[in-house]
Amino acid sequence: MINFKEDEALNTLNHSCAHLLAQAVRHLYPQAKFWVGPVVEEGFYYDIDLGDDVIRDDDLPRIEKEMKKCAKDNKRIVRTEITREEALEQFKDDPYKVDLIERMEPGTNISMYTQGDFTDLCRGPHVESTKLLKNFKLIKHSGAYWKGDEHNKVLQRIYGVCLPTAEELEAHLKDLEDAKLRDHRKLGKDLSIFMFSETIGAGLPMWLPNGFTIRRILSDYIMDKELAQGYVHVKTPVVVNTKLYKISGHLAHYKEDMFPIMERDGEEFCLRPMNCPEHMIMYRSTLHSYRDLPIRIAEIADDFRFEASGALTGIERSRAFVQNDSHIFCRPDQIASEIKNVTKLILDVYKDFGFENYSFRLSLRDPQNAEKYFGNDELWETSEKQLREILTEMGVPFYEALGEAAFYGPKIDVQVRSALGHDVTLSTIQLDYQLPERFELEYVDHTGTKVRPVVIHRAILGSLDRFVAFLLEETKGILPLWLAAKQAVIIPVAPDAHREYAETVLHAMKKIGMRVSIDDRNEKLGYRVREAQTSKIPVEVVVGEGEMNERSVTVRRYGSKEAVKMTLDEFLDAMMKEIEDRK
RNA sequence: GCCGCUUUAGUAUAGUGGUAAUACACAUCCAUGGUAAGGAUGAGCGGGCAGUUCAAUUCUGCCAAGCGGCACCA
């Protein structure tokens, strides 16, 4: 996918196109006032105040037409400079421009770009003439809060793209269409992975047999990895007394994001939004020696968060989900090695799945917004520094993001991009000095003194739900053999004549643990082959007269046009090896 | 939650102010077969609640769910 922001030429082109958009909007909506029109990764947008008017779908073609008209005039785009004071005077009737100008250094000059009857404040650069703006398309529109603050007025935002040639534009629009085909919501429906029901409730997924099988494989997989690394697994309740979240501080901070509280017999309960506090209580239930640390408590945990209705996105963001969660209770001197181990585990797991498009993000607090966070400044600075050093030392490339920390500590997040371009967190590692304090956790050190441990929160697959969403989009629903819900289908050429041998093959495959069935419906071979292919089943085994007589199978793999004949034993060996290797 | 849009059979779509169509899937029957759709017949549909109208799937309002963004994301 094209990155319009990083490509210098495209950036300039799109920036100029944003001005063209503004010019056209000014013609069609004389009352329009303009905020900003930047270039972003997916193209350009402009935020516009239309007074009481709004943009509707039908308006985009109208605006495009006007843009074409403006561009055809072939106006040169001219740069001029004025002083800050002159600018304030010139734009005194436009509160948005005044806001922008006032934030510039006094004494600096301000550049403006003019094309025909339209002038806008702008740093530039721009293309020479509007005639270069030919191959553009307005993609979508939406409301957007002024300055990104939900208390501010909603401006109208229009998104578009501009490319040098008509062919490139067409190809880009085709890419956008294709991305929709690997949207996990579409694949999930087509492949019967999960479903939603209005009657069950928004954001509450139901996992169908195929989907549950995939989840079961995933949780077995990750639990085995964890066991090998010294984790222990537990199960804790999804409904808890609200006392727990009063202690943890969640109730004060995050009540709005929780399902409503239940009250009975004078006690309050809630559906847990996360399970950290329960693991704290579990840790606290016995006395720990410094020799016992680290203690790594893990859980495949159902959690419930009342996500805003507009945030729900299939199983990528739902209100009920299952975390692959763990809390590592350790001594301060163990932090670095524990975080390194978790990072290694993440890299190891991504390798098993063949993921390559991800990036590590060091999520820091936003110092402008300090009241959002627990704990004192030094502690934050120390722990942020600690995480930064660990990543640097490991040679893992990462970027830093202010304001992305948890309220109790900084994080290392692993970010991926969904089919539709959403930046989402898959894995996370969080350093926490706060919850141990709040829950008064202790261990006995080598001098016999009770001291406070540190907690590392971590999720490798993140939530199984989101992980499956990403997995589907990355693989286009074509899962590797070891993960496929249905790994193989056996197709007897003539069901009546070859059923018995098909069953022999079935039992042999089941014996090595494969998820396989026989398709002995009274349909043509071609029909059954087609269905196996469209269901994205990795392996088709055709058995007929020849196979029956020589105890062999004819195997066709998903996506291949070739059918290969081999003995049943060779086939079983190959399958076992492939599943074992997680290829 | 905010701005805009959408909602027709199991699925994907078409169409209309006079209660609806196509394909696949499904059921029954015929066909009994070698790698992407054999044939016939049949059953099944307007998100919910109001309003306008002689008449609403079609127009209007409210609600819900979904979609694209915004905000949010422990």
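**Notebook: chain A, predicted model**

I began with the secondary structure of chain A, which comes to 18 helices and 28 strands. Helices (H or I, at least four residues) and strands (E, at least two) are DSSP runs, numbered from the N terminus. I noted that this is a predicted model, in which local features need pLDDT of at least 70, side-chain atom pairs count only at pLDDT 80 or more, and totals for chains, interfaces and linings use all residues. Residues are numbered from 1 along each chain as its sequence is written, and chains are lettered from A and ligands numbered from 1 in the order in which they are written.

**Overall figures**

I took the extent next. The C-alpha trace of chain A spans about 90 × 75 × 50 Å along its principal axes. I then looked up burial. A residue is buried if 20 or more other C-beta atoms lie within 10 Å of its own, exposed if 12 or fewer, and partly exposed in between, with C-beta atoms placed from the backbone. By that count, 35% of the 583 residues of chain A are buried. For contacts I used C-beta atoms, placed from the backbone, within 7 Å. Of the contacts in chain A with a separation of 6 or more, 70% are between residues 24 or more positions apart.

I checked N3, which is found in the segment before helix 1. N3 is exposed, because it has 11 other C-beta atoms within 10 Å. I also took its separation from T199: 196 residues in sequence and 41 Å in space, C-alpha to C-alpha.

**Sheet 4-5-6**

I moved to an open sheet of three strands, with order 4-5-6 and antiparallel pairing. Two strands pair if DSSP finds at least two bridges between them. Strand 4 (78–83) and strand 6 (118–121) stand at the edges with a single partner strand each, so one side of each has no neighbour in the sheet. Neighbouring strands of this sheet are turned by 30 degrees against each other on average, direction ignored. For angles, axes are lines fitted to C-alpha atoms, for helices over the stretch in contact, and values run from 0 to 180 degrees between N-to-C directions.

Strand 5 (residues 109–115) is joined to strand 6 by four bridges, antiparallel. There I found Q115 opposite F118 in strand 6. Helix 1 (residues 8–28) packs on this sheet and touches strand 5 and strand 6. The direction of helix 1 makes about 125 degrees with that of strand 6.

**Strand 8 and its partners**

I asked how enclosed strand 8 is. Seven of the ten residues of strand 8 (residues 154–163) are buried, so the rest of the structure largely encloses this strand. Strand 3 (residues 43–49) joins strand 8 through five bridges, antiparallel. I48 stands opposite Q156 in strand 8. Strand 7 (residues 135–145) joins strand 8 through ten bridges, also antiparallel. H141 stands opposite I158 in strand 8.

Strand 13 (residues 262–264) pairs with strand 14 in the antiparallel sense over three bridges. R264 has E267 in strand 14 as its bridge partner. The hairpin has two residues between the strands, and D265 takes a positive phi near 50 degrees there. Strand 12 (residues 239–241) is joined to strand 14 (residues 267–271) by three antiparallel bridges. V240 has C270 in strand 14 as its bridge partner.

**Sheet 25-24-26-27-28**

Five strands form this open sheet, and the pairing is mixed. Strand 25 (516–518) and strand 28 (563–567) are the edge strands, pairing on one side only. The twist averages 25 degrees from one strand to the next. Strand 24 (residues 488–492) and strand 25 run parallel over three bridges, and I490 stands opposite I518 in strand 25.

Helix 15 (residues 495–511) packs on the sheet, touching strand 24, strand 25, strand 26 (539–543) and strand 27 (552–557). The direction of helix 15 makes about 155 degrees with that of strand 24. Helix 16 (residues 525–534) lies across strand 24 and strand 26, at about 175 degrees to strand 24.

**Nonpolar cores**

A nonpolar core is a set of buried Ala, Val, Leu, Ile, Met, Phe, Trp, Tyr and Cys residues joined through C-beta atoms within 7 Å. The largest has 84 residues, of which I456, I490, V505 and V541 touch the most other members. Helix 14 (residues 464–475) gives the largest share, seven residues. Leaving aside neighbours within four places in sequence, V541 is in contact with A488, I490, I491, V505, V553 and V555. A second, separate core of 39 residues includes L20, I48, L138 and V161.

Notes:
Two residues are in contact if their C-beta atoms, placed from the backbone, lie within 7 Å.
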